[in-house]
Amino acid sequence: MNNEFRLKKTTRRNLSALACGIAGATLTAFATKYIYDPSGLVTGGVSGLCIIIRQLSDTWFGWPVPLWLSNTLLNIPIFLFAIWSSGWKGILRTAAVWLLMTVELAWFPDAALIPDNLLLVTIYGGICFGAGCGLLLSAEATSGGTDLLGYTLHRYIRSVSVGRLIQILDGCVVAAGALVFGIERTLIAVISVYVMGKVIDAVVSRGRSAKMALIISEESEKIASEIMSSLDRGVTGLKGQGMYTSKDKTVLVCICSNRDIVSIKDIVSKYDSKAFFTVTNVSEAMGEGFVEEWQGK
């Protein structure tokens with residue numbers, strides 16, 4: 001029975017990762033093809049470099065290199081380097097996502113979704129691309145490019161973090177975009193990168209954020225009892241000491257959802273209007289009542 005449960009759990013997790021990978025690849029391809037490329041907005045990464053190559057080839061030779069072709073040619077050496085460095089096992093999902101994204105870039109017809117409004121391009125491009133990248137990270141994959149190159153280079157440049165390496169690589173691409181499309185579009189692209197980062201954080205941490213209520217009261221037992229019975233939330237009592245009074249105190253800690261905070265405030269106020277009550281943000285909560293399936297398990 002236990003083996004059957006584990007099999008179902010693994011299957012469900014793999015199907016979820018597959019769905020996130022397909023949706024993520026499609027959103028990133030969509031944003032690149034229909035939002036960023038027609039507007040000449042370069043936000044870094046291999047996708048941004050493909051947009052630069054397309055523009056330069058059109059200007060110099062009168063034939064814009066298709067995004068799918070440049071995406072393939074640029075990623076091949078990056079994947080070969082990653083395979084040589086760490087083997088196939090760690091990049092199989094990323095390779096599958098890259099292939100899907102390349103096919104979609106080739107299959108999607110050319111069009112401009114938002115042709116003449118850079119503000120909308122900045123906002124909706126960041127939302128679509130950020131959502132796509134967030135879904136890919138949730139599936140433990142990336143679209144290849146500078147993300148994969150940054151992870152691989154970190155094996156040899158240990159003094160620089162992976163995030164900083166990716167920032168440096170993306171920064172070089174954005175700088176190249178400034179030379180091709182001008183400083184104005186580059187400054188707008190920086191705004192889009194900011195939006196993208198916020199959306200990625202929101203997608204990756206979805207369902208994992210919470211609130212932590214910390215309560216110090218003389219009526220801690222009554223408060224804890226009602227929180228557990230009426231809200232079905234666990235409460236932990238920590239032993240503390242008031243340094244001014246030297247009296248022992250019970251400090252209540254409750255991890256809860258955003259909507260529970262108002263109810264907890266009402267319960268605390270009901271039993272002790274002079275209680276000390278603080279609320280802080282929890283970026284990730286794992287366990288019963290929250291995300292019960294640990295990532296990577």
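Is Glu226 buried or exposed? Glu226 is buried, with a relative accessible area of 18%, where buried means under 20%, exposed over 50% and partly exposed in between (1.4 Å probe, protein chains only).

## Basis of the report

This is a predicted model, in which local features need pLDDT of at least 70 and side-chain atom pairs count only at pLDDT 80 or more, while totals for chains, interfaces and linings use all residues. Residues are numbered from 1 along each chain as its sequence is written, and side-chain values use heavy atoms, with hydrogens and water left out.

## Salt bridges

Five salt bridges are found in a search of the whole structure; a salt bridge is a side-chain nitrogen of Lys or Arg within 4 Å of a carboxyl oxygen of Asp or Glu. In one of them, the side chain of Glu226 meets that of Lys270 at 3.3 Å, N to O. Glu226 belongs to helix 9 and Lys270 to helix 10 (residues 260–271), so this pair links distant parts of the chain, 44 residues apart. Helices (H or I, at least four residues) and strands (E, at least two) are DSSP runs, numbered from the N terminus. Lys270 is exposed, at 56% relative accessibility.

Arg233 and Asp260 also form a salt bridge, at 2.8 Å, N to O. Because Arg233 lies in the loop between helix 9 and strand 2 (236–241) and Asp260 in helix 10, the pair ties together parts that are 27 residues apart in sequence. Arg233 is buried at 13% relative accessibility, and Asp260 is buried with a relative accessible area of 9%.

## Paired strands

Strand 1 (residues 210–216) pairs with strand 4 (residues 276–282) in the antiparallel sense over seven bridges; two strands pair if DSSP finds at least two bridges between them. Here Ala213 stands opposite Val279 of strand 4. Strand 1 also pairs with strand 3 (residues 248–256), again in the antiparallel sense, over six bridges. Met212 has Ile255 in strand 3 as its bridge partner.

## Packed helices

Helix 5 (residues 118–138) packs with helix 8 (residues 183–204) at an angle of about 35 degrees, and their axes are 7 Å apart. Axes are lines fitted to C-alpha atoms, for helices over the stretch in contact, and angles run from 0 to 180 degrees between N-to-C directions. The residues of this contact divide into 16 nonpolar, seven polar and one charged. Ala, Val, Leu, Ile, Met, Phe, Trp, Tyr, Cys and Pro count as nonpolar, Asp, Glu, Lys and Arg as charged, and the others, Gly among them, as polar.
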